[in-house]
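Hi,

Here is the model I promised to send over. Have a look at it first, and then read on for what turned up.

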Amino acid sequence: MTRANELDPTESVLNFYATDLRRKREASGINQRTFAKMALIAPSLLNKIESATRLPTKELSVLADVTFGTGEHFQNLWKLVIRYAYPAWFRPWVELEEEAAAIRSLQLQLVPGLLQTEEYARAVFAGARLAVEEQEERVAARMARQLILQRDTPPELWIVLDEYVLRRPVGSSRIMRAQFERLIEAASVPSTVLQILPMSAGPAGSEGPFTVLTLDEGPGVVYADSFRQGQILTDPSDVKAARRLYDLLMGLALSPAASIDVIADAMKELR
């Protein structure tokens, strides 16, 4: 493993962040254990962050800026670090998602990333048999994506979720229970509409999962999942077809209230 003092800060944004954090901390006369305590994290985790083997968090970046008087330096670096944790082909979608006024999504296999708990996301990536370091990077990036839902004016989020998703175990029963609680919590937010597509709907949605973004300016955009990497579609005819299909699936899905009942029943079955 590369030591923190052996990092080349020009090699990546993560290396630059890690190197700069260590230098600022040492220049301030704060040892690693003390700064880890201030950040409410284990010293071993801070050591990994300063060695560029773990991604920093937004909270750590805020603390660093306040402690070292660096304005928003580390917070801005953190945004870049997270962005480059995504696969290159997915980064344009994340940028579009951040600008969306409304997000409409059909999900047939998994809980959508914007509503996943950290442990559910970790179990998903573990199932893909990724290296532990890559798993943690992907989880951190996915949690960062969810920050758009915490804005003062979040995008409208409309989700049609196949009932099979509730029956497909991801991780342990404890992880699934926490994920169901997260879904119910999200459904109670005025800007979010969650509907369950019941198994009785048959092959509805057989075209595969997709997400449609409505942007404040410019035409809408569609993201369609596929093998290895998704596709971003900008042709107006594709966007129109996706919106029409989503509207049809909403009509087949249960009402928001009935959908919460189905999630609650699935949670009871875990006990």
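How many residues does helix α8 have, and how far does α8 reach from its first C-alpha to its last? Keep in mind that this is a predicted model. Helix α8 runs over residues 132–145, which gives 14 residues, and its end-to-end C-alpha reach is 20 Å, close to the 20 Å expected at 1.5 Å a residue.

What does α8 pack against? Its buried residues are Gln135, Val139, Ala141, Arg142, Met143, Ala144 and Arg145. They pack against α5 (73–83), α6 (91–99) and α7 (118–127). Note that Arg142 and Arg145 are on that buried list, along with Gln135.

Next, the pairing of α1 with α3. Helix α1 (residues 13–27) packs on helix α3 (residues 43–50) at about 120 degrees, and their axes are 8 Å apart. An angle like that makes α1 oblique to α3. On the α1 side, the residues involved are Ala18, Leu21, Arg22 and Arg25; across from them, α3 brings in Leu46, Ile49 and Glu50. Sorted by class, this contact has four nonpolar and three charged residues, with no polar ones.

Last, a spot in helix α12 (residues 256–269), where Asp265 lies. Asp265 counts as partly exposed, because its relative accessibility is 40%.

Cheers

Terms used:
Residues are numbered from 1 along each chain as its sequence is written. This is a predicted model: local features need pLDDT of at least 70, side-chain atom pairs count only at pLDDT 80 or more; totals for chains, interfaces and linings use all residues. Side-chain values use heavy atoms; hydrogens and water are left out. Axes are lines fitted to C-alpha atoms, for helices over the stretch in contact, and angles run from 0 to 180 degrees between N-to-C directions. Helices (H or I, at least four residues) and strands (E, at least two) are DSSP runs, numbered from the N terminus. Angles under 35 degrees count as roughly parallel, over 145 as roughly antiparallel, 65 to 115 as roughly perpendicular and the rest as oblique. Contact means heavy atoms within 4.5 Å. Ala, Val, Leu, Ile, Met, Phe, Trp, Tyr, Cys and Pro count as nonpolar, Asp, Glu, Lys and Arg as charged, and the others, Gly among them, as polar. Buried means under 20% relative accessible area, exposed over 50%, partly exposed in between (1.4 Å probe, protein chains only). The expected span of a helix is 1.5 Å times one less than its number of residues.
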